[in-house]
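Please brief me on this structure. Cover its pocket, its sheet and a few individual residues.

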Amino acid sequence: MPGRKLLIIDDNEPVCRAVGRIIKTHEVITALTGEVALEALTSGDVGMVLVDNELGDYPTRWSSGIALSMEILARYPQLDGRVYLFTGRLASSFAESAPGLPVVEKPILDTAKFRAFVADTLGD
């Protein structure tokens, strides 16, 4: 069973902090790299993941948020439907490259709606 924490994976630390400030009802974990994120997931406490589409993990294999998302789902199938690409690009631009992978667009403009979305995903 998935945990109750939100994991934000983004190489832009201010983005991680900003999203963390929006969420008041759940613990937020942040990771600036794919490697740190995969380590954080080993605790089993994570129930939702936002993955920046373009991570700065160059030249590692986790520079692509799509590749990292697929790796997370392969390792943690219980997170299916709870891993989201987190991007400033339009969701429709990922239809071919990441079929079935849901997208959360940034910036987050409606914070109340985003809080409700997180609470619903984490089972509140």
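The largest pocket holds about 260 Å³ of space. This is a predicted model, where local features need pLDDT of at least 70, side-chain atom pairs count only at pLDDT 80 or more, and totals for chains, interfaces and linings use all residues. Residues are numbered from 1 along each chain as its sequence is written, and side-chain values use heavy atoms, with hydrogens and water left out.

**Largest pocket**

- A pocket is an open set of points on a 1 Å grid over the protein atoms alone, where a 1.4 Å probe fits, with protein on both sides within 12 Å along at least five of seven lines.
- Its volume is the space filled by probe spheres set on the points, which are joined across faces, edges and corners.
- Lining residues have an atom within 4 Å of a point.
- The lining consists of V104, E105, P107, I108, L109, D110, K113, F114 and F117.
- α4 gives the largest share, three residues.
- By class, six lining residues are nonpolar, none is polar and three are charged.
- Nonpolar covers Ala, Val, Leu, Ile, Met, Phe, Trp, Tyr, Cys and Pro; charged covers Asp, Glu, Lys and Arg; the others, Gly among them, are polar.

**Sheet**

- Helices (H or I, at least four residues) and strands (E, at least two) are DSSP runs, numbered from the N terminus.
- Five strands form an open sheet in the order β2-β1-β3-β4-β5, with parallel pairing.
- β2 (28-31) and β5 (103-105) are the edge strands; each has a single partner strand, so one side of each lacks a neighbour in the sheet.
- From one strand to the next, the twist averages 25 degrees.
- Two strands pair if DSSP finds at least two bridges between them.
- β1 (residues 5-9) and β3 (residues 46-52) run parallel and are joined by five bridges.
- In β3, M48 stands opposite L6.

**Helix on the sheet**

- Helix α2 (residues 34-41) lies across β1, β2 and β3, at about 165 degrees to β1.
- Axes are lines fitted to C-alpha atoms, for helices over the stretch in contact (heavy atoms within 4.5 Å).
- Angles run from 0 to 180 degrees between N-to-C directions.

**Two residues**

- D52 lies in strand β3.
- Beyond residues up to four places away in sequence, D52 touches I9, D10, D11, G65, F86 and K106.
- Q78 sits in the loop between α3 (65-75) and β4 (83-87).
- Q78 counts as partly exposed because its relative accessibility is 38%, between the buried limit and exposed (over 50%).
- Q78 and P2 are 76 residues apart in sequence, yet 6.2 Å apart in space, C-alpha to C-alpha.

Conventions. Buried < 20%, exposed > 50% of the residue type's maximum accessible area, 1.4 Å probe, protein only.
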